[in-house]
Each structure stands twice: as structure tokens, then as C-alpha cells.
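Below is a short briefing on one protein chain. Please look over the sequence and the structure before reading on.

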Amino acid sequence: MTTRRAFLRGSFAALSAGALTTLVAAAEPKVVRISARRFVYTPATVPIPAGQAVVLEITVSDVVMGFNLPDLKLRTDLVPGQTARINLPPLPPGEVVFLCDVFCGSGHEDMSGVLKVG
């Protein structure tokens with residue numbers, strides 16, 4: 001009887017530790033980096049996992065710009081030398097367009113990209 005209790009206690013402790021590790025890992029957002037310069041986001045197509053929180057870290061190398069995700073109603077200013085962060089909630093599979101919303105010169109109107117959620 002004592003052996004069975006010790007086994008059950010050990011099994012429960014191992015299961016609890018494994019479940020806790022899984023919960024902590026699931027809570028950690030994935031970090032995705034995007035760089036910007038006049039008229040270009042790199043990468044322009046950004047794969048992100050569906051159903052997982054994501055942090056976009058965006059840098060710009062030349063001029064002040066904006067980063068806008070109109071469908072998610074999220075935006076930030078991009079300032080050279082600083083990293084902007086946008087926290088995305090878990091998203092369903094699909095595509096989300098992003099674009100520059102601060103005029104940065106001729107070619108600005110073509111500055112966009114897409115998050116491919118899948």
C-alpha cells in the first residue's frame with residue numbers, strides 16, 4: 001500500500017510539473033522582428049502562428065514612419081534607433097495587412113506587407 005501511494009504521489013508531482021511547464025511555455029509570446037526603411041518592410045510577408053500571442057518588434061533605419069494594422073486597430077510610430085513593440089493577441093488563420101501610415105516620400109503608397117497567420 002505504501003509503495004502504491006509513493007508511486008501515485010510521484011506520478012502526480014511529475015504530471016503537475018509537466019503541465020506547469022506546458023502552461024508557462026504556452027503563455028510566452030513568440031517574438032517576430034520586422035525592419036523598415038523607405039518604402040520597404042523586411043520581410044514583407046511575415047508568417048506567424050495561429051492561436052498564439054505574438055510580439056512584433058519593428059525597427060526603422062532612416063526616417064520616422066508609422067506601422068498600422070487597420071483590421072486589428074493597432075498602430076505605432078517607428079523612430080530610427082528605437083524598437084517599437086506591438087502585442088498581438090492570438091489570431092485565427094488568415095491574412096492581416098500592415099502598412100505605413102506616415103508619409104515618408106514618393107513610393108510611400110506602396111509600403112505595405114501582410115501577416116500570414118497559420
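How many residues lie between S5 and S6 in their hairpin, and which residue in the turn has a positive phi? Four residues separate the two strands, and lysine 73 in the turn has a phi of about 55 degrees. The model is predicted, with a mean pLDDT of 85 over the chain.

**Confidence**
- A pLDDT of 70 or more is reached by 77% of the residues.
- Residues 19–24 fall below 50 in pLDDT, and this stretch has zero contacts in the model beyond near neighbours in sequence.

**Overall make-up**
- The chain contains one helix and nine strands, and the order from the N terminus is α-β-β-β-β-β-β-β-β-β.
- Of the 118 residues in the chain, 31% are buried.
- Among contacts with a separation of 6 or more, 61% are between residues 24 or more positions apart.
- The accessible surface of the chain is about 7300 Å², and carbon and sulfur atoms account for 60% of that area.

**The four-stranded sheet**
- An open sheet with mixed pairing is built from four strands in the order S2-S1-S4-S7.
- Strand S2 (40–42) and strand S7 (83–88) are at the edges with a single partner strand each, so one side of each has no neighbour in the sheet.
- On average, neighbouring strands of this sheet are turned by 25 degrees against each other, with direction ignored.
- Strand S1 (residues 30–37) runs antiparallel to S2, and three bridges join them.
- In this pairing, serine 35 is placed opposite threonine 42 in S2.
- Strands of a sheet pair through backbone hydrogen bonds, in either a parallel or an antiparallel manner.

- Strand S5 (residues 65–69) and strand S6 (residues 74–78) run antiparallel and are joined by five bridges.
- Phenylalanine 67 is opposite threonine 76 in S6.

**Aromatic pairs**
- There are three aromatic pairs in the structure.
- One of them is edge-to-face because the ring planes of tyrosine 41 and phenylalanine 98 stand at 80 degrees, with the ring centres 5.0 Å apart.
- This pair links distant parts of the chain, since tyrosine 41 is in strand S2 and phenylalanine 98 is in strand S8 (residues 94–99), 57 residues apart.
- Both tyrosine 41 and phenylalanine 98 are buried.
- Ring pairs connect Tyr41, Phe67 and Phe98 into a cluster.

Note on methods. Residues numbered from 1 in each chain as written. Predicted model: local features only at pLDDT ≥ 70, side-chain atom pairs only at ≥ 80, totals over all residues. Heavy atoms only, no water. Pairing = 2+ DSSP bridges. Axes fitted to C-alpha atoms, helices over the stretch in contact; angles between N-to-C directions. Phe/Tyr/Trp six-rings, centres within 6.5 Å; stacked < 30°, edge-to-face > 60°. Buried < 20%, exposed > 50% of the residue type's maximum accessible area, 1.4 Å probe, protein only. pLDDT = per-residue confidence, 0-100. Contact = heavy atoms within 4.5 Å. Areas by Shrake-Rupley, 256 points an atom, 1.4 Å probe, with all protein chains shown as cover.
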